[in-house]
Amino acid sequence: KMILLHFGEEELNAGTQSVDSIIEAYRWLLYSGFTGDRIILAGDSAGGGLVLALAMYLRDQGMPLPQKLIMMSPWTDLTASGPSYQENYEKDPLFGNTRESMIYNGEYVGKENPKLPYISPLFGDFTGLPPMLFQAGSLEMLLSDSVVAAEKAKKAGCDVTLTVYPEMFHVFQLSMDKLAESREAWEEIRRFLRKE
């Protein structure tokens, strides 16, 4: 019996508060009898970043790690320093052409340093993390959050799959059956889950 723990935009409170709440959710699963190898973490957007931050925290604390990580258009760099923030600024249909989005308003970070790994896991240590799947759309400003994180994870020796879907937007997977690319992404997730 496996359990999938999913994090989405509803976990977007204030950086460390969000991490604290998902740590408690994970601890509850462990106390309820689930071992780490029976837990899969998944998240989209800010939730995808939280998945990666939680995995780093669990490793740092010597706690059981989940079996796999699934990150759909994850927000891993709250400094907005990646090249896609500029390259896709006029292409991104959700966050593009404005500085008034959550990417720039700082509410998620609060007074914390945005480079702290539990807030921006892109700047953390990827050593020893479980197998992970990154999915992103080629048009999104957050594209480099996945690309650079996947590169760092590979250099750290992790089992990493990165798929960039051409002409797709932020969290396109939530279109479900309405888009062929969304169906393809969910099929990729199914294959990733079944992979030994």
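Two strands count as paired when DSSP finds at least two bridges between them, and strands themselves are DSSP runs of E with at least two residues, numbered from the N terminus, while helices are runs of H or I with at least four. Hi everyone, with that in hand, let's look at this one.

It's a predicted model, so to speak of local features we need pLDDT of at least 70, and side-chain atom pairs count only at pLDDT 80 or more, while totals for chains, interfaces and linings use all residues. Residues are numbered from 1 along each chain as its sequence is written, and side-chain values use heavy atoms, with hydrogens and water left out.

Let's start with the sheet. It is open, with five strands in the order β1-β2-β3-β4-β5 and parallel pairing. At the edges sit β1 (3-7) and β5 (160-165), each pairing on one side only. On average, neighbouring strands are turned by 15 degrees against each other, direction ignored; the axes are lines fitted to C-alpha atoms.

Now zoom in on β4, residues 132-137: six bridges join this strand to β5 in the parallel sense.

Key. Axes fitted to C-alpha atoms, helices over the stretch in contact; angles between N-to-C directions.
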